[in-house]
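Please read the following briefing alongside the sequence and the coordinates.

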Amino acid sequence: MFASPASARPRRRGYVMRMPRIAAAGLLVAGLACGSGSGSTGATLNGVVRGQPMKPADAVSSPARVFLGAISADVAAVVLSDVSGTCAKLTANTEPKNGKALVIMLADVDRLSYAVTAPSGPGTFDVFNPAGGFGIPPAHLAVVRFGVNDSCAEVPEQSAVATSGSVKLTSVSAGGYAGTYTIGLETGEQISGEFHTATCPGLATYLATPTHSCGG
């Protein structure tokens, strides 16, 4: 479902960053039962993607190390899924056969050293357009993809990449995150909502593992 997030290769005149193949974003579907965040968890998604709505049933997150091209980067990974039980699935390295998910990756970017690190506190993270090719990423970066999964494979014609907007992170606590988002998609549609996630260490392991079993 996910693959590695994008390629971000430092060059003298800017970054090259391609979209993380957060591909089967719909894969991340299963419960907060694995989460250990404090307080309530949940999420909303207002609007449609390629004409289809999604009602999140789960919201999980974890600091994770992913590959942005040749760069190994630390990010805050957030997954909002319409199938409950996400953490258990991820921890078992299993992809569900069907599902939808909004996958958000947030990072702080040092544009002098090209270091990419997970956010340590609240802030506003601007969406970076992976289809933009060359470009200097913002200091607070968001890479976002909406994915639809069918039989453990992404359905490209139902999925979409975010090209504008921002994610506002309001709370960071032990791998759990809270915030809001207003995002423009490559389709011309706009979605918005909020999230308060449960910590799921299995998400980081899942993202670091190249292959996954196909579950139910």
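The link of Cys-87 and Cys-200 is right-handed, with 95° about the S-S bond, and the two sulfur atoms of this disulfide lie 2.3 Å apart, where a disulfide is a pair of cysteine sulfur atoms within 2.5 Å. Cys-87 lies in helix H1 (residues 86-91) and Cys-200 in the loop between strand S18 (198-199) and helix H2 (201-208), so the pair ties together parts that are 113 residues apart in sequence; helices (H or I, at least four residues) and strands (E, at least two) are DSSP runs numbered from the N terminus. The model is a predicted one, in which local features need pLDDT of at least 70 and side-chain atom pairs count only at pLDDT 80 or more, while totals for chains, interfaces and linings use all residues. Residues are numbered from 1 along each chain as its sequence is written, and side-chain values use heavy atoms, with hydrogens and water left out.

**Disulfide**
- By the stated rule, the count comes to one disulfide.
- Cys-87 is buried, with a relative accessible area of 1%, and Cys-200 also counts as buried, at 0% relative accessibility; buried means under 20% relative accessible area, exposed over 50%, and partly exposed in between (1.4 Å probe, protein chains only).

**Chain as a whole**
- The secondary structure of the protein chain comes to two helices and 19 strands, and buried residues make up 52% of its 216 residues.
- Of the contacts (heavy atoms within 4.5 Å) with a separation of 6 or more, 69% are accounted for by residues 24 or more positions apart.
- The accessible surface, from the Shrake-Rupley method with a 1.4 Å probe, comes to about 8,900 Å², of which 51% belongs to carbon and sulfur atoms.

**Nonpolar cores**
- A nonpolar core is a set of buried Ala, Val, Leu, Ile, Met, Phe, Trp, Tyr and Cys residues joined through side-chain atoms within 4.5 Å; the largest has 27 residues, and those with the most contacts inside it are Leu-102, Val-144, Val-167, Tyr-181, Ile-183 and Phe-195.
- At least two residues of this core come from each of strand S6 (71-81), strand S9 (98-110), strand S11 (123-127), strand S13 (140-150), strand S15 (160-173), S16 and S17.
- Apart from this core lies another, of 23 residues, among them Val-75, Val-79, Cys-200 and Leu-203.
- Leaving aside residues up to four places away in sequence, Val-167 touches residues including Ile-104, Phe-125, Val-144, Tyr-181 and Phe-195.

**Strand pairing around S15**
- Two strands pair if DSSP finds at least two bridges between them, and S15 runs antiparallel to S16 with ten bridges, to S11 with four and to S13 with two.
- Phe-125 has Val-167 in S15 as its bridge partner, while Val-172 has Tyr-177 in S16.
- The hairpin of S15 and S16 has two residues between the strands, and in this hairpin Ala-174 takes a positive phi near 50°.

**Strand S17**
- In a regular strand the side chains alternate between the two faces of the sheet.
- Strand S17 (residues 190-196) has a covered face of Ile-191, Gly-193 and Phe-195, and an uncovered one of Gln-190, Ser-192, Glu-194 and His-196.
- Strand S16 (residues 176-185) is joined to S17 by seven bridges in the antiparallel sense, with Tyr-181 and Gly-193 as bridge partners.
- Strand S4 (residues 42-43) pairs antiparallel with S17 over two bridges, and Ala-43 stands opposite Phe-195.
- In the hairpin of S16 and S17, which has four residues between the strands, Gly-188 takes a positive phi near 95°.
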